[in-house]
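Dear colleague,

I am handing over the structure below, together with notes on what was found in it. Please read the notes with the coordinates open beside them.

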Amino acid sequence: MLRLAAVGDNCMDVYDQTGEAYPGGNPVNVAVYFTRIGGRASYIGAVGTDRYAGLLTRALEKKKIDLSHIQVLKGSTAVTHVSLINGERVLGEYEEGVLPRFRLTEEDIRFICSHDMMVTGLWGMVEQDLGRIRAQGVPVAFDFADKPRGPVLEAAVGNVDYAFFGLDCAGGPELEAFLREMQARGPKVVTATLGEKGSLAYDGRRFVSCGIVPCRVVDTMGAGDSYIAGFLKGILEGRPLEDCMRQGAECSSETLKYSGAW
């Protein structure tokens, strides 16, 4: 069975209007969605010693995520404050908690390299370790979120195989030029998810576009992460790029139908 190592940040998504709290965070979400569609996943990251740590780890255990390399650091688990406006999630204050102290150990890196692929993201704190992991033959996927520039991108993009950006644009020549630029810096494929406009990918030879799978939107939390999970599973299965994107869109549509990331 295909195994994905999801590395980096986590948080509790706290909906201030209702008081509800849901586990989340980019790599955490990708791990859960990857398992939902038939893969296996491990999460490597750090939680605090507060009640949210227990909520998050118990929820992940129920989803059958391997937590053998999760770090417990004294302090608070990260929290993202969220509001819902017409089904669109609006992110408020972010409390990092213990995450700035998270660092991979040598054993963590060996464990990651026992998987078929690694995925991390903008707030994962591991961009300096990607070269070592990729040198062991483990493909690296990275979610740059909505940050097309910045120090994390500069440190990471040359050691990434599959790069993802969540961009609020309609596409066109500027987006194509950006994808060309990013792909030339190292990744095999660079993909931009564009919300209701679908997604666009570039593999160094051609651009491939994919539309959305229509559904009734309840909450957009986790939609991009589920796209990444579906896309990466397609890649690991050796599917054509078009199929990977379609599987990403299908996974995203499932996540849009309920409240919270998962």
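Are tyrosine 15 and tyrosine 22 buried or exposed? Both tyrosine 15 and tyrosine 22 are buried, where buried means under 20% relative accessible area, exposed over 50% and partly exposed in between, with a 1.4 Å probe and protein chains only.

Before the rest, please note that this is a predicted model, in which local features need pLDDT of at least 70 and side-chain atom pairs count only at pLDDT 80 or more, while totals for chains, interfaces and linings use all residues. Residues are numbered from 1 along each chain as its sequence is written, and side-chain values use heavy atoms, with hydrogens and water left out.

Aromatic pairs

Rings of Phe, Tyr and Trp (for Trp, its six-membered ring) pair if their centres lie within 6.5 Å, and planes under 30 degrees apart count as stacked, over 60 as edge-to-face and the rest as tilted. By this rule the count comes to 7 aromatic pairs. One of them joins tyrosine 15 and tyrosine 22 edge-to-face, at 5.5 Å centre to centre and with 85° between the planes. Another, between phenylalanine 144 and phenylalanine 165, is stacked, with 5.1 Å centre to centre and 15° between the planes. Phenylalanine 144 lies in the loop between strand S10 (140-143) and helix H5 (151-156), and phenylalanine 165 in strand S11 (residues 162-166), so the pair ties together parts that are 21 residues apart in sequence; helices (H or I, at least four residues) and strands (E, at least two) are DSSP runs, numbered from the N terminus. Phenylalanine 144 and phenylalanine 165 are both buried, and ring pairs link Phe142, Phe144, Phe165 and Phe178 into a cluster.

The sheet

An open sheet of mixed pairing is formed by 8 strands in the order S4-S1-S9-S10-S11-S12-S13-S14, two strands being paired if DSSP finds at least two bridges between them. Strand S4 (40-44) and strand S14 (207-210) stand at the edges with a single partner strand each, so one side of each is left without a neighbour in the sheet. From one strand to the next the twist averages 20°, with axes taken as lines fitted to C-alpha atoms, for helices over the stretch in contact, and angles running from 0 to 180 degrees between N-to-C directions.

Strand S9 (residues 117-121) has 5 of its 5 residues buried, with Met117, Val119 and Gly121 on one side and Met118 and Thr120 on the other. Strand S1 (residues 3-7) pairs with S9 in the parallel sense over 3 bridges, and alanine 5 stands opposite methionine 118 in S9. S9 also pairs with S10 in the parallel sense, over 4 bridges, and the bridge partner of threonine 120 in S10 is phenylalanine 142.

Asparagine 26 lies in helix H1 (residues 26-36) and, at 9% relative accessibility, counts as buried. Leaving aside neighbours within four places in sequence, asparagine 26 is in contact (heavy atoms within 4.5 Å) with Asp9, Thr120, Gly121, Asp143, Asp225 and Ile228.

The 14 residues of helix H7 (residues 223-236) should span 20 Å at 1.5 Å a residue, and the end C-alpha atoms are 20 Å apart, which agrees; the expected span is 1.5 Å times one less than the number of residues. In H7, 12 of the 14 residues are buried, among them Asp225 and Ile228. Glycine 238, which follows H7, has a positive phi, near 75°.

With best wishes
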